[in-house]
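I opened my notebook for a pass through side-chain contacts. These entries go in the sequence I looked things up.

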Amino acid sequence: MSRIAIEDVKILDSSDLGRGNYRLILGPFGRSRSIMAGQFVHLQVPGGSVFFRRAFSVYDVNPEEKTLEILFKVFGRGTALLAKCRRGDTVNLMGPLGHGFDPPGKKESVILAAGGIGMPPLYFLAKQMIQKKHESDKIHFFYGGNCRADLIEVARIKKLGVKLHLSTDDGSFGFKGFVTSGIKEYLENNKGDYRLYACGPTGMLKAIDRVAQERTIPGQLSLEAPMPCGIGVCLGCVLPLTSGGYTRVCREGPVYNIGEVLL
Amino acid sequence: MPDLAVEIAGVKFNNPILTASGTCGYGEELAELFDLSQLGGIVTKSITVRPREGHPPPRTAETASGMLNAIGLANVGVDKFIEEKLKFLEKFDTRVIVNVAGAKVQEYVEISARLADCSRADMIELNFSCPNVEAGMAIAGDPIAAEKAVREVKRVFPRPVIAKLSPNVTDIVAIARACEGGGADALSLINTLVGMAVDIETFRPCLTNNTGGLSGPAVKPVALAMVYKVYKAVKVPLIGLGGISNYKDVVEFLLCGATAVQIGTALFIEPDAPIKIVKDLRNYLTKNKLGSARELVGQLRSY
Ligand SMILES: Cc1cc2nc3c(=O)[nH]c(=O)nc-3n(C[C@H](O)[C@H](O)[C@H](O)COP(=O)(O)OP(=O)(O)OC[C@H]3O[C@@H](n4cnc5c(N)ncnc54)[C@H](O)[C@@H]3O)c2cc1C
Ligand SMILES: Cc1cc2nc3c(=O)[nH]c(=O)nc-3n(C[C@H](O)[C@H](O)[C@H](O)COP(=O)(O)O)c2cc1C
Ligand code: FES
């Protein structure tokens, strides 16, 4: 049986989280149990007016209910149409796709750096780590947005019991400044060995890449590229590798070791 | 049960549904989704003499009912293709058509000669028409060059040779005739149409190659008309493609004269589309009391 399924699933719940952010619960999807944090699903936007599928990181799964959740922010046509979907609507889902994060060793101190709508795969990573008995106070979850309303699902992240460090660019909540500034300050004051995982806008990932490489902190980044096929056959989603040549983000990625891809 | 099998230049296909070059890689990824033996055949990504990295991203753009691509013929090169990719395809009961691209006639000949001893390469398809690489167009648009290329490849490759035609020409019939004259055993059409998309915020083209190849449902009417015209002008069998996404599209192409079809861009939306299409085509034939897919070929009742 194939690792990847292509199935019609129902929207079991759709929530408007404010400022263009939405959460969908999708199911039943038999493969939800096997999904690793960092993997994504490729959704066909209903209505037929958007040609390509759209990629979304898996935010959470419920293997008993055979469901999965995604979070998205309205960005263009596809996400605008998805936001209009209602409970009971059907969407075609392909997944799980790509390679997820390599989980850290149980005793490692970990920094999770989430920028805006890059948060979902890191929440899922933290949850899977905790399910595998990683000490929750060794997980430092840095989560930043432009303003307070950008920080969504904060209560749910808190419930994991991780050390949560919130920041906003405009200072309307938490630390004032970029996620990376918060992380740099934390590292100044708390020496030690860390492993770092990040997902967010390209500007943030570039900064994270620098922070990690300057301090030789190992870790991984979840990257993005427009994905026509999502399964590795079109060669459309490539990014340049530091070692030369291109990599297919949908297939070899979307998660890469820090320093592997030229950002 | 209707018979889906078709024959092209003496090569038997289990069914007329193939996957198009550049949209199914070398089969490895699709093989994770379904058994490739369910396909009539697979046309592998264009290979060149040396490996190519392709164009810098962005390489694709979404358009109305279709897409633009300027991948830039990224491929592993003929050596690695023969060592790894062709070997992988050995275990499937399907036809393998190896698509070949080059900058000069000599390169087509060189690759075809290398493939002569590879019995897994049931046929080769000459990509004269990739709009993203300058030199390819010279052959695609020039009947004399096309004829010469086919003739020289035929000298070194012992099995059937297909010429894949570009729609970006003034008279596709003239090119089709030239390829037939050069000894092509079959023709496939069409490749992508030159197209463009522009970002009005940055004033830049959406592709780093500036222009790209248009494919998907948007090009189907163009492809059908070309199959229709070429069918009337040549004797060799045709393989139709361009925007096919369901069995109805397939029937249209068969009626216009295609013996088989290829599914391209549709694979990006529904990677298992060919499997559904085979099933639906069988049902269509049953429903219409047709004994075989062959009975549809060229049966258009034109005005
Ligand atoms: C691995 C991965 C995980 C992601 N996870 C999330 C997530 O969890 N939450 C979230 O909100 N977003 C996520 N995204 C981004 C999400 O897919 C984009 O928001 C979405 O593609 C934008 O779509 P849109 O239709 O709203 O915008 P549009 O404006 O329609 O698309 C943006 C632009 O990109 C073009 N485009 C769209 N798709 C493609 C494509 N496949 N190939 C070429 N061009 C294309 C469009 O034509 C347009 O120019 C993820 C992306 C990737 C690659
Ligand atoms: C991403 C992409 C890559 C392609 N690469 C090749 C190629 O390497 N060689 C080739 O002959 N055609 C290539 N094509 C063209 C297709 O094989 C086909 O002729 C064209 O896309 C029209 O069919 P479709 O609308 O079903 O996709 C490519 C098409 C796409 C979309
Ligand atoms: S999206 Fe097609 S290869 Fe990655």
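**Ground rules**

I am working from a predicted model, where local features need pLDDT of at least 70, side-chain atom pairs count only at pLDDT 80 or more, and totals for chains, interfaces and linings use all residues. Residues are numbered from 1 along each chain as its sequence is written, chains are lettered from A and ligands numbered from 1 in the order in which they are written, and side-chain values use heavy atoms, with hydrogens and water left out.

**Aromatic pairs**

I began with rings: Phe, Tyr and Trp (its six-membered ring) pair if their centres lie within 6.5 Å, with planes under 30 degrees apart called stacked, over 60 edge-to-face and the rest tilted.

I looked up Tyr59(A) and Tyr123(A): their ring centres are 4.8 Å apart and the planes are at 45°, so I noted the pair as tilted. Helices (H or I, at least four residues) and strands (E, at least two) are DSSP runs, numbered from the N terminus. Tyr59(A) is in the loop between β4 (54-57) and β5 (60-62) of chain A, while Tyr123(A) belongs to helix α2 (residues 119-131) of chain A, so this pair ties together parts 64 residues apart in sequence. For cover, I call a residue buried under 20% relative accessible area, exposed over 50% and partly exposed in between (1.4 Å probe, protein chains only). Tyr59(A) and Tyr123(A) are both buried.

Next came Tyr26(B) and Phe81(B), with ring centres 5.8 Å apart and planes at 55°, so this pair is tilted. I placed Tyr26(B) in the loop between β3 (17-19) and α1 (28-31) of chain B and Phe81(B) in helix α2 (residues 77-88) of chain B, so the pair ties together parts that are 55 residues apart in sequence. Both Tyr26(B) and Phe81(B) are buried.

I also noted a cluster in which ring pairs link Tyr22(A), Phe56(A) and Phe72(A).

**A charge over a ring**

My rule here is NZ of Lys or CZ of Arg within 6 Å of the ring centre and within 35 degrees of the ring normal. Arg59(B) lies over the face of Tyr246(A), 4.8 Å from the ring centre.

**Salt bridges**

I count a salt bridge when a side-chain nitrogen of Lys or Arg is within 4 Å of a carboxyl oxygen of Asp or Glu. That gives me 31 salt bridges over all chains.

Which residue does Arg77(A) meet in a salt bridge? I found Glu62(B), at 3.1 Å, N to O. The pair crosses between chains, running from helix α1 (residues 77-83) of chain A to strand β5 (residues 60-63) of chain B. Arg77(A) is partly exposed at 48% relative accessible area, and Glu62(B) is partly exposed at 23%.

Arg215(A) is partly exposed at 27%, whereas Glu214(A) is exposed at 58%.

In chain B, Arg95(B) and Asp122(B) meet in a salt bridge of 3.1 Å, N to O. They link distant parts of the chain, 27 residues apart: Arg95(B) is in strand β7 (residues 95-100) and Asp122(B) in the loop between α3 (105-115) and β8 (123-127). Arg95(B) is partly exposed at 27%, but Asp122(B) is buried at 10%.

I then wrote down one network, in which salt bridges with shared partners join Arg23(A), Asp60(A), Glu69(A), Lys127(A), Glu153(A) and Arg156(A).

**His140(A)**

Is His140(A) buried or exposed? At 7% relative accessibility, I have His140(A) as buried, in strand β9 (residues 139-145) of chain A. For polar contacts I take a pair of N or O atoms within 3.5 Å; within protein, one must be able to donate a hydrogen and the other to accept it, and residues adjacent in sequence count only if both atoms are side-chain atoms. The side chain of His140(A) has such a contact with the side chain of His165(A) at 3.0 Å, and another with the side chain of Tyr186(A) at 2.9 Å.

**Gly38(A)**

Gly38(A) sits in the loop between β2 (21-27) and β3 (40-44) of chain A, and I have Gly38(A) as buried at 0% relative accessibility. Gly38(A) and Gly253(A) are 215 residues apart in sequence and 9.0 Å apart in space, C-alpha to C-alpha.
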